[in-house]
Amino acid sequence: MSRPAWLSPAIVLVFIGGAMMMSVSMGARQAQGLLIGPLSLERQWPLATFSLAVAIHNLMWGFFQPFTGAAADRYGAAKVAAFGALTFGLGMMMVGAGGVALTTIGLGVVSGFGLAATSFAVVLGPVGRAVSPEHRSSAMGMGSALGSLGMMAMIPLAQWLIGAFGPTQAVWILSAFSLASIPLALVLAKGEKASRPAASTLAHQSIGQALREAWGHPGYRLLAAGFFVCGFQVTFIGVHLPGYLALCGMSKGAGATALLVIGGFNVIGTWLMGQLSQKYRPKYVLSAIYLGRAVVTFAFVMGPKNEWTLLAFAASIGLLWLSTVPPTSTLIASVFGPRYLGMLFGLVFFTHQLGSFLGSWLGGLIYDATLSYDVMWAGTAVLGLFAALVHLPIRDQTLARAAA
């Protein structure tokens, strides 16, 4: 099988360094759904206490994402990602040290910044600038898929660590993985330097002009509204699915199995949606993704709960999990150009994390009040229908300034 023409040696290095760093941080973040119950039980905390820490983590991830994306656009993704891996590891150490305040600050603020500096907006920026527009969506899909491998790999590892050493020791080990990923920034730096476009192609617009242009575009605001829904859905499911399955009488390992299947199919879904966004208009791909989430969620909640229906749900929702990233980033780059892709995607991602905050926190809050997740599942399905509709009117033509 021949190598795609756009997959240059420099892009391969960006993928290896950036995607592996993103895999570690995103994988540890995905393991929060497995840690929330055992840590709350071990430390005798209400579920809402740890849910709030996770919610703040998601909010800070989104808050810092435009800034880390802008820093990566200006100073290089490798420097930002290396500092992010360091801070993510330090934040997880604070969680391991214990205490409500230290856990909330460490998980919520410190590791929230670390994840912002090692995730999609930082890593995909160099890819979007190095690849020609006709191959950009495929490149974004492949980069997102490689970064998503961490979700699949870290879930069984985190489950084993919790069972073998307990949840607190598992947190310490996950922090060590993050610190060990810092040298990968050297690989990312080498690929980024080799694939960097000429300076003359990058100097036509200031950061302030780019922000005003994007936020003044109605389609950009609609894209942000849709990404809010994405954050609400995936964070609620990722954090609270294991607890919901326990309420349904399923085994303790069912949650880990479901998250593992979600992670595996997410790799396929992100790659596939990158390919589809190359063939079809990304806004229609996004509408189909959100409509699919609504249908799959409704069918799962209303249907019987057993191993087969859980696997079907996990596989289906996994295909639709982070598959929104390639068409969203491609749409931003195609309309506004790739110069400030990290920052503009990061700003949209902030709305994603506002949704994540509510998905995590309200899930625990409503469960503590009602001893049920029914309201949250209903909201997840309804929001999917809303997001499917708001993408349809987006004007996705390239702006005259970007085309020039």
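Author: A nonpolar core is a set of buried Ala, Val, Leu, Ile, Met, Phe, Trp, Tyr and Cys residues joined through side-chain atoms within 4.5 Å, where buried means under 20% relative accessible area, taken with a 1.4 Å probe on protein chains only. The model is predicted, so local features need pLDDT of at least 70 and side-chain atom pairs count only at pLDDT 80 or more, while totals for chains, interfaces and linings use all residues. Residues are numbered from 1 along each chain as its sequence is written, and side-chain values use heavy atoms, with hydrogens and water left out.

The largest nonpolar core has 96 residues, and those with the most contacts inside it are L241, L245, I332, F345 and W377. To this core α11 gives the most, with 13 residues; helices here are DSSP runs (H or I, at least four residues), numbered from the N terminus. Setting aside residues up to four places away in sequence, L241 touches F236, A258, I262, F300, F313 and W377, a contact being heavy atoms within 4.5 Å.

Beyond residues up to four places away in sequence, D396 touches R281, K283, L331 and V335.

How values were computed: Buried < 20%, exposed > 50% of the residue type's maximum accessible area, 1.4 Å probe, protein only. Helix = DSSP H or I, 4+ residues; strand = E, 2+ residues; numbered from the N terminus.
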